[in-house]
Structure formats: C-alpha cells, structure tokens
Protein chains: 4
Amino acid sequence: MKATKYMAFKYKVYDVLNNDSTTIGSKVVQGAIIILILINALSLIFESIPEVKEDYASFFYYFNLFSVIFFSVEYFLRMWSITCDPRFNKPLLGRVKYAFTSMQLIDLLAILPFYLSFVHFDLRVIRLMRVFRLLRVFKITKYVSALSIVVNVFKRKASELAIAAFMLVFLLLIASTAIYYAENPFQPNAFSSIPDSMWWSVITICTVGYGDIYPITIFGKLIGGVLAVIGIGFFALPTGIISSGFAEELAERKEKKRKDEFNTHGCDPEVTCPCCGNSMKAK
Amino acid sequence: MKATKYMAFKYKVYDVLNNDSTTIGSKVVQGAIIILILINALSLIFESIPEVKEDYASFFYYFNLFSVIFFSVEYFLRMWSITCDPRFNKPLLGRVKYAFTSMQLIDLLAILPFYLSFVHFDLRVIRLMRVFRLLRVFKITKYVSALSIVVNVFKRKASELAIAAFMLVFLLLIASTAIYYAENPFQPNAFSSIPDSMWWSVITICTVGYGDIYPITIFGKLIGGVLAVIGIGFFALPTGIISSGFAEELAERKEKKRKDEFNTHGCDPEVTCPCCGNSMKAK
Amino acid sequence: MKATKYMAFKYKVYDVLNNDSTTIGSKVVQGAIIILILINALSLIFESIPEVKEDYASFFYYFNLFSVIFFSVEYFLRMWSITCDPRFNKPLLGRVKYAFTSMQLIDLLAILPFYLSFVHFDLRVIRLMRVFRLLRVFKITKYVSALSIVVNVFKRKASELAIAAFMLVFLLLIASTAIYYAENPFQPNAFSSIPDSMWWSVITICTVGYGDIYPITIFGKLIGGVLAVIGIGFFALPTGIISSGFAEELAERKEKKRKDEFNTHGCDPEVTCPCCGNSMKAK
Amino acid sequence: MKATKYMAFKYKVYDVLNNDSTTIGSKVVQGAIIILILINALSLIFESIPEVKEDYASFFYYFNLFSVIFFSVEYFLRMWSITCDPRFNKPLLGRVKYAFTSMQLIDLLAILPFYLSFVHFDLRVIRLMRVFRLLRVFKITKYVSALSIVVNVFKRKASELAIAAFMLVFLLLIASTAIYYAENPFQPNAFSSIPDSMWWSVITICTVGYGDIYPITIFGKLIGGVLAVIGIGFFALPTGIISSGFAEELAERKEKKRKDEFNTHGCDPEVTCPCCGNSMKAK
C-alpha cells in the first residue's frame with residue numbers, strides 16, 4: 001500500500017516535470033522553471049554592470065543561491081522519477097542513460113560551476129566556467145516545438161552545409177597564408193603570423209571589417225578585394241542550400257498532408273483534374 | 001430636407017476622405033494630403049540643419065502650424081463622417097472603434113505632439129516626441145496596394161521568422177557573456193559589462209563591424225571569428241524562409257487564377273495534356 | 001547606277017556597324033570597337049595615377065584625340081547609314097528617332113565632353129563630365145546577349161523590388177530622425193543634422209560600418225542594433241524576390257521549350273506518363 | 001616471368017595510389033597521405049609564429065625535408081605506375097598526358113618550390129612561391145565526393161554567375177571613377193588615383209567597410225550610399241542564381257532516381273494518381 005502511494009507520488013513528480021505532459025500541474029511547474037531561467041539570464045546580465053553589482057551584491061548572491069538549490073532539486077527529482085518513463089525504466093542503467101542525454105547534461109552544467117566554486121583551485125578557470133550558467137537558458141529550447149521545421153531543414157542539408165564550411169576553412173587557410181606573405185614585411189605587427197592573419201581573413205570574408213588591421217600593399221589589397229568578392233559567394237552558398245531545403249521540406253509536408261487526407265476522406269477534392277486543371281469536385 | 005442635405009454633405013466628405021474611393025474629388029484630396037505629408041518629411045529633415053533652421057525659422061514655424069491645422073481638420077472630418085461607413089455606423093461606439101484603428105492612432109500621434117508642446121512640463125521629452133511627427137509619413141502606406149505580396153509573405157512565414165529572431169537573441173546572449181568574460185580583464189573600458197558587450201555582438205553578427213570595439217585576446221578573437229561565421233547563417237536563414245514564402249505565395253496565386261479562369265471559361269486551354277505535355281487546345 | 005553604288009556602299013557600312021550582323025566584316029569592326037573601348041577604360045584608370053600621367057602625358061593626349069575622332073566617325077557613319085534599317089528608313093525623322101535611342105545617346109555622351117572642353121566656361125564642371133567618358137564601356141553591354149535571363153528576372157520582379165526600395169527609403173528616414181534626436185545632444189559634430197545622420201543609417205543598414213561615426217548613448221546603440229538586425233531583413237527581401245524570379249523564369253523557359261518541341265516532333269518523348277511516372281517512349 | 005612480377009608489383013603500386021580503389025592497402029596509404037598533408041598545413045601555420053619558429057627551427061627543417069621526399073617519391077611512383085590505367089597506357093604519351101592533369105600539376109607545384117629554393121636567383125620570389133606549399137592541401141579535395149552537388153550547381157549556373165561578376169567589375173569601374181572625381185580634390189591622399197579608389201569601391205560594395213578611407217563630401221557620401229544599397233543587390237543576385245541552381249539540381253536528381261526505379265521495378269508505387277492525388281499502389 002505504501003509502495004503504491006510512493007509509486008503514485010513518483011509518477012506525479014514525473015508527470016509534473018515532463019515537458020510533454022499536458023496536465024495543469026505540469027504546465028504551472030514548466031512555466032515557473034522558464035520564468036526562473038529567464039530571471040537568471042537577466043540577473044547574469046545585470047550583475048556584470050559594476051554599479052549594479054555593488055549596490056545589489058547581496059541580492060545577486062541570495063538569488064543565485066536560491067536558483068542553484070531550486071535547479072539542483074529539480075535535477076535530482078528528474079533523476080529520481082525518470083524510471084516512470086518506459087525508455088529509462090531500469091533503476092540504475094536507465095538513470096545513467098538519462099544522465100547522459102543532452103538535456104540532462106546541460107542541466108548539470110548549469111548547476112555544476114556553483115559547487116565547483118568552493119574548490120578554489122584556480123579562480124580564473126572558475127570565472128570562465130561561469131559562462132556555463134547561461135546554459136540554463138538552453139532549457140527554453142525544450143519548450144519550443146515550432147523549431148522543428150528550421151531544425152529539419154538544417155538536418156536535411158547538413159552534408160551540403162558541411163561542405164560549405166569545409167570550403168570556408170580551406171579558403172581562410174589559403175587567404176591567411178597569402179596575406180601573411182604579402183603584408184608581413186610591411187606591417188610586421190599587424191600581420192605577425194598566419195594565425196594572426198586568420199583573424200583578418202575571417203573578419204574580411206564575413207564582411208564584418210572592423211578596420212583594426214587591413215592591407216596597405218598592392219598585393220595585400222588585391223588579396224583583400226578578391227576575398228571580399230568571394231565573401232559574397234560565401235553568403236550565397238549557404239543561403240541557396242537553406243532555401244532549397246525549405247522548399248523541399250514544405251513540399252514534403254504538403255504531399256504528406258494530401259496523402260493523409262486521402263486515407264481519411266478518399267479522393268481529395270483539392271486535387272485538380274489533369275485534363276482541365278480544375279478541382280475534381282467542381283467537375 | 002435639411003437633414004438630407006446634411007447627410008449628403010457628410011457622405012460627400014466621407015467619400016472624399018475615403019482612400020478606397022475612386023471619384024475625382026477623392027483622388028484630388030488624397031493627392032494633396034500625400035504631397036503635404038512628403039513636404040512635412042522634407043521640412044523635418046531640412047529643419048535639422050542648423051544653418052537652414054536659422055535662416056528660415058519663421059517659414060518652418062508657419063508651415064508646421066499650417067500642417068497641424070490641416071491635419072487636425074482632416075482628423076476631425078474623418079471622425080465626423082465615418083458613420084457613413086457601415087462598419088462604424090453607430091454615432092458613439094462606431095467613432096470610438098474607428099479612433100482605435102491603427103490608421104487613426106497614427107494620425108493622432110502625428111498631430112498630438114504639437115498640442116502637447118504648449119504644456120511645457122519637460123522640454124526634452126517633447127523634443128523626443130517630435131520624432132512622432134515623422135509618423136505622418138506612415139499615412140503613405142495606406143495608398144500602396146502593391147505591398148500585399150510582400151506583406152503576405154511576411155505573414156505566411158511569421159512563425160519561422162520569429163524562431164529565427166529568437167535564435168538570434170539567444171545567440172547574442174551567449175556571445176555577449178562569452179566575450180565579456182574573455183575580454184573584460186584586458187579591455188575593462190571597451191567590454192565593461194554584458195549589456196555593453198551586446199553592442200559588440202549585434203554589430204559583429206550583423207556583419208556591420210564599426211571597429212569602435214573589437215577583441216584583442218586569442219579567446220576573444222576566436223569568439224569573434226565564430227560569431228562572424230555564424231552571422232553568415234543568420235543572413236541565410238531568413239533569406240531561405242522568405243524565398244520559400246515568395247515561391248509558395250506566387251504558386252498559390254497562379255493556382256487561384258487558373259481556377260478562376262476555369263469557372264469563367266470552362267476547360268483552361270493553358271493546361272497541358274499529361275500524356276503529350278502540350279496545351280489541350282492544341283490537341 | 002551611281003545611286004545604286006552609293007546605296008550598296010551605304011548598306012555595307014550599315015551592315016558592318018550593325019551589332020546583330022554575322023558577316024565577317026561586321027565581326028572585325030565590332031571587335032575593334034570593343035578593344036578600343038576597353039583600352040579607353042584602361043587609359044582613364046592609368047591617367048588618374050599622377051606619376052603615370054606625368055610621364056605619358058602626350059601619349060594620353062594623342063590616344064584620347066584618336067579615340068574621340070574614331071568614335072565620332074563611327075557615330076556619324078551610324079547616323080548616316082541607319083536609313084537602311086526598316087525601322088528608321090525615313091531620311092530625317094528616322095535619324096532623329098535613332099539619335100534618341102539609348103545606345104546612340106550613350107555614344108554621344110561618350111564623345112561630347114571632349115568637344116565641350118574647348119568652351120572653357122567652367123573647368124570643374126567639365127572635369128566632372130569626364131566621368132561620362134566611362135560610359136563608352138556601356139557599349140560593351142550591347143554585345144552580351146546572355147544578360148537576358150538576369151535582365152528578365154529584374155523586369156519581372158520590378159514592382160516587388162520597387163516596394164523593397166520604398167521600404168528602405170522609409171526606414172532610412174525613420175532611423176535617421178531617431179538617431180539624430182538620440183545622438184545629436186552628445187555628438188553634435190558626428191550627427192549634426194538629419195541628412196548627415198542618413199549617411200550613418202545607410203552605412204549601418206547595408207552592414208558596411210566604416211566606423212567614422214557610431215552611436216555612443218544607450219538609445220543610439222539600441223537604434224543602431226535594431227537597424228543592423230533589420231538590415232539582415234533588407235538582404236533577405238530582395239534575395240527572396242530575385243530567387244523566386246529566377247525559379248519562375250527558368251520554369252517558363254522549360255515549359256516553352258517543351259511546347260516548341262511538341263509542335264515540331266509531336267508527342268514529346270521526355271514527358272512522363274501520369275500513371276507510372278516514366279517516359280512515354282519507354283512505355 | 002620477371003616481367004610478370006614487375007607488372008604485378010607495378011599494378012599493386014598503381015592500385016595503392018589510386019584514389020578510387022577500395023582495397024585495404026589503398027585506404028591505408030590514402031589515409032597516411034591525407035594526414036601528412038594536414039600536418040604540413042599545420043606546420044606551415046605554426047612556422048609563421050616567430051617564437052615557435054625559433055624554438056623548433058630544426059624540427060620544421062627536417063619535417064619539411066621528409067615531406068618533400070615523401071611527396072616526391074609518391075609523385076614519381078604515380079608517374080611510373082600510371083600506365084596500368086587504360087586511359088594513360090602508352091609509356092611516354094600516356095605519362096605526359098597524365099603529368100598535365102590538374103591533380104598531377106598541383107602535386108608538382110607542391111614539391112617544386114623546395115627544389116627551386118636551391119637556385120637562389122631571388123629570395124623574395126621564392127618566398128612568395130612558398131605559398132604554393134599550401135596547395136598540398138588541395139589534394140584533400142580529391143577524396144571528397146560529396147562536393148559534387150555544390151560543384152554541379154556552380155557549373156550549371158556558370159554563365160549567369162559570370163554575368164553577375166561582369167556587372168560587378170563594371171560597377172566597380174564606374175564607382176571608382178565617380179568617387180575619384182568627387183573625393184580626390186578634398187582627400188588627395190586617400191583617393192589618390194582610380195586604382196586606389198577601387199580598393200574603397202570593392203570594400204564598400206562587398207559591405208566590408210574597414211573605415212581606412214571613406215568619403216567626406218556630400219557627393220562622395222551620395223556615391224557611397226548608393227553603392228552600399230547596390231551592394232545588397234550584389235548579394236541577392238548570386239544568391240538567387242545559386243538557389244535556383246540547387247532547386248533544379250535536386251529536381252533533376254529526384255526525376256532521375258524515379259526513372260531508374262521504374263526501369264528496375266516497373267510502375268513506381270511512389271507516383272501519385274492524377275485523379276485522387278494518392279499513391280498508385282494505395283489505389
């Protein structure tokens with residue numbers, strides 16, 4: 001009897017924390033978590049302003065403490081209740097498997113820096129690790145289902161985009177080497193080595209152009225001009241890939257919808273006659 | 001009898017001010033309003049040049065006075081005559097409803113700052129409110145019907161574009177935090193806080209690159225380079241979305257046109273035979 | 001008999017100067033004209049380098065003289081022989097009509113500045129008019145027929161592109177006014193008036209970002225950031241328009257080609273059966 | 001008998017060095033070559049950092065020596081064994097033909113600079129030639145077959161892209177001349193000649209905008225603004241071309257796949273009925 005109550009409670013916790021659940025309790029908890037994540041993001045931003053940090057130091061300290069405790073409890077409740085999910089129903093193996101899902105890893109990284117800050121082995125490293133605090137925001141993506149079209153397009157075109165990325169890396173290598181040999185003798189500080197020249201190459205080909213370093217020789221300007229023009233192509237290539245990806249994705253969804261409708265309603269009245277080009281119904 | 005004359009006059013005013021009307025009187029009045037709006041825009045621009053303002057101060061004063069009176073009269077005539085429109089035919093409720101349509105709100109905002117300038121509670125605030133004077137130009141959009149394709153494409157793809165915008169905001173947050181922790185210890189003035197770093201992030205990802213602040217450390221340059229490359233993707237994503245939107249919108253319009261033609265003329269001679277690929281008529 | 005010889009000579013001149021002609025004589029003359037135009041463009045470029053101009057002043061003088069004489073003779077021969085063309089066969093009216101075609105106007109503008117330079121009314125104006133010398137290069141476009149697809153796409157989408165241009169102008173107006181009111185009190189030299197602020201707006205929205213002027217206030221940076229993000233949209237909009245234009249243009253050409261093939265060969269073997277999806281021939 | 005052994009050995013060498021071969025020996029050798037090429041690229045990059053070069057000078061010297069010997073041996077083994085390939089089976093003519101294939105030329109350029117460095121005729125020229133060392137990386141492209149879609153799209157649209165490139169060159173010429181006449185009298189150092197102004201034009205139209213030189217006169221800013229707006233079009237044009245190229249390429253591949261399936265399996269079950277819009281099989 002007690003075990004049953006325990007199981008019912010566990011299932012309730014699982015349901016409340018489960019993103020796909022549609023019960024009211026679940027929606028309230030999910031909403032509260034999102035709001036806390038957003039306030040955490042804002043708090044991180046405002047804490048970086050020296051004047052604000054000084055005046056509200058204790059508020060940030062206690063809010064951070066509260067958030068970490070809240071997210072830690074959430075994390076461990078998730079780990080405890082996950083065995084209600086058929087995919088992770090083995091007490092130990094299921095939980096280990098779940099701990100290594102990308103969502104749980106992100107959640108862990110969001111709370112870990114706080115605990116590690118007690119170790120004090122190197123302050124600088126911990127400081128950089130605090131960037132992970134922002135990963136709390138990643139949780140939001142869990143709740144956005146409309147992302148699926150965009151994500152599908154990127155998945156569908158992953159190999160073409162990878163080739164575009166490979167071409168970009170290759171071009172950056174060529175351009176950095178060329179500009180280094182052209183400009184280094186005249187601007188030894190600006191183009192001090194190929195890795196340094198790479199900064200210039202990427203900022204030029206992406207058409208950002210800060211102007212902190214730029215070529216001054218004829219050869220350097222020629223390389224820079226060609227790189228800028230090729231940069232146009234490197235905007236056109238992924239755009240063309242993604243455009244055709246959207247067109248295909250939407251054509252497939254439309255086709256699938258039509259087939260589903262046929263299976264439900266029989267002959268689709270929206271289909272046009274191949275002879276007269278008009279709706280079959282109108283005929 | 002008098003009431004009938006009053007009604008006839010009111011209807012005439014309504015017709016003349018109504019953008020959709022095709023009577024000659026209406027076209028003349030609409031044209032005059034557009035020209036006055038354009039001159040107002042030019043006057044605002046030239047008034048901002050110190051030398052011009054000094055020399056023609058009284059001209060600008062009287063022209064502004066004239067414009068506000070003209071637009072005020074127009075505004076109140078519209079409010080008075082709108083009851084001729086079946087959608088707003090109730091004397092009070094109809095007019096209140098009409099006052100809150102976006103067009104009437106813009107018209108009100110275009111004349112309000114002038115009247116409020118007599119109150120003198122804070123000169124600086126009034127100065128900023130003068131920006132609303134430019135909203136007079138918004139009226140022009142009323143007259144451009146060809147906008148519908150562009151507007152439809154944006155409406156059709158609103159959710160995908162919203163996701164792209166969400167991803168942009170998210171990325172800016174991540175990048176600003178990362179660059180702040182990487183560059184702040186070395187350039188405390190340039191990257192003084194996360195909100196300040198956001199300025200750098202948005203200027204980099206949109207590939208503007210003023211060069212007022214830029215990273216100088218290895219980590220900062222790495223973040224900057226990655227952000228610039230991702231920036232290419234943030235040009236490709238909305239472009240792909242809008243491209244497929246145009247393709248769909250135009251395909252739908254073509255399909256609709258063909259169906260309309262069938263309903264008028266019977267079998268569409270432009271439809272090709274599925275066997276020989278030629279027009280049905282030619283066969 | 002003499003008149004016939006005269007007519008035959010005139011027709012020969014017409015044929016040789018006519019761009020569409022395929023006789024060997026015509027091709028040689030056309031080629032010589034293109035080469036002279038290209039050398040003129042190169043001469044204009046090199047003449048602008050002070051050291052080169054000093055050393056080769058007399059060469060540039062005589063080459064320019066020769067070119068103008070050559071192009072003048074070409075211009076008058078064209079005017080004289082054009083009556084052989086059925087469209088311009090009336091001695092006076094035909095020639096006047098021909099003189100006002102865009103090609104002849106460009107040719108005239110390319111030689112006129114030289115003759116006007118003897119008048120000496122204002123040297124500076126003549127200097128600016130020399131830019132028209134570059135218009136000689138425009139002649140090259142006459143010979144490029146492959147341009148037609150690109151030109152058709154722009155024609156087909158002219159109205160949508162015009163709306164995009166209108167939106168750009170409108171946005172520049174809004175942004176310039178907003179940034180002027182936000183930044184002028186703090187940077188009176190950089191943002192001295194709305195026309196001056198427009199320079200900043202256009203350089204920001206086109207994502208060029210020279211960095212000669214940039215906002216320093218919170219409001220100004222906010223306006224700049226929003227403008228930069230909107231700038232992405234202003235790359236996406238014309239790209240989407242032009243992409244769908246290319247898709248339509250190519251679909252139409254394919255359709256037209258298929259119909260032409262049917263009219264020549266009867267049932268097109270490339271058309272697929274609507275039942276099995278394979279070529280009708282294969283069946 | 002000896003000749004047979006010699007032939008067998010030669011064929012084995014040919015097979016091992018042949019990129020299309022699928023034997024284990026070939027895969028191991030190909031992998032080793034790729035890794036050595038990548039290490040060569042890294043070595044070139046790190047050698048350019050003065051501190052690294054000083055500390056590891058002898059390592060770079062011996063690694064470079066080893067690489068050149070390795071690639072030389074590979075090059076000559078390829079030349080020796082190529083007669084096993086039916087396309088190059090003539091002892092002399094086949095080898096000469098093979099030596100002039102683009103792959104063998106690149107391989108030769110990758111090792112040649114090292115041998116030429118013993119000639120010492122001009123150190124500066126040899127230095128610039130070292131850039132060719134990076135061409136070793138080009139070899140990698142041999143192994144990437146997935147490139148074919150991207151390459152096909154560029155080939156398919158070569159003529160349209162050439163026209164876009166021609167328009168770009170033409171526009172740069174016009175813009176450079178115009179800005180030279182507008183800005184030279186006021187900034188004789190920044191816009192000293194038309195070739196110098198071209199650097200500004202290309203950096204503006206590609207929306208890089210370093211900010212090293214920029215117009216300061218009204219006319220110059222007008223030219224700059226127009227050029228920046230046209231720059232948007234020069235991103236849109238190649239993007240539209242490439243987008244439609246991807247759409248066509250993918251449509252053709254889909255069509256080809258369907259036809260292949262028909263030839264293998266008869267009536268393709270994936271083809272939809274023209275009446276009901278559903279799969280023929282479902283019917």
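Here is what to click on, stop by stop.

Before we start: this is a predicted model, where local features need pLDDT of at least 70, side-chain atom pairs count only at pLDDT 80 or more, and totals for chains, interfaces and linings use all residues. Residues are numbered from 1 along each chain as its sequence is written, chains are lettered from A and ligands numbered from 1 in the order in which they are written, and side-chain values use heavy atoms, with hydrogens and water left out.

**Stop 1: chains A and C**

Color these two chains. The same surface serves both: 100% of the contact residues of chain C recur in chain A (contact means heavy atoms within 4.5 Å).

**Stop 2: two helices in chain C**

Select α1 (residues 2–17) and α4 (residues 57–81) of chain C; helices are DSSP runs of H or I, at least four residues, numbered from the N terminus. They pack at an angle of about 125 degrees with axes 9 Å apart (axes are lines fitted to C-alpha atoms over the stretch in contact, and angles run from 0 to 180 degrees between N-to-C directions).

**Stop 3: two helices in chain A**

Now pick α2 (residues 24–47) and α4 (residues 57–81) of chain A, whose axes come within 11 Å and cross at roughly 145 degrees. Residues that meet here include A:Ile33 and A:Leu36 in α2(A) and A:Phe60 and A:Phe63 in α4(A).

**Stop 4: two loop residues**

Jump to B:Ser193, in the loop between α9 (158–183) and α10 (194–205) of chain B. Is B:Ser193 buried or exposed? B:Ser193 is buried, at a relative accessible area of 5% (buried means under 20%, with a 1.4 Å probe and protein chains only). Leaving out residues up to four places away in sequence, B:Ser193 touches A:Ser48, A:Ile49, A:Pro50 and B:Tyr180.

Last, find C:Lys157 in the loop between α8 (148–156) and α9 (158–183) of chain C. C:Lys157 counts as buried at 2% relative accessibility. C:Pro238 is 81 residues apart from C:Lys157 along the chain, yet their C-alpha atoms are separated by 9.5 Å.

Note on methods:
Buried means under 20% relative accessible area, exposed over 50%, partly exposed in between (1.4 Å probe, protein chains only).
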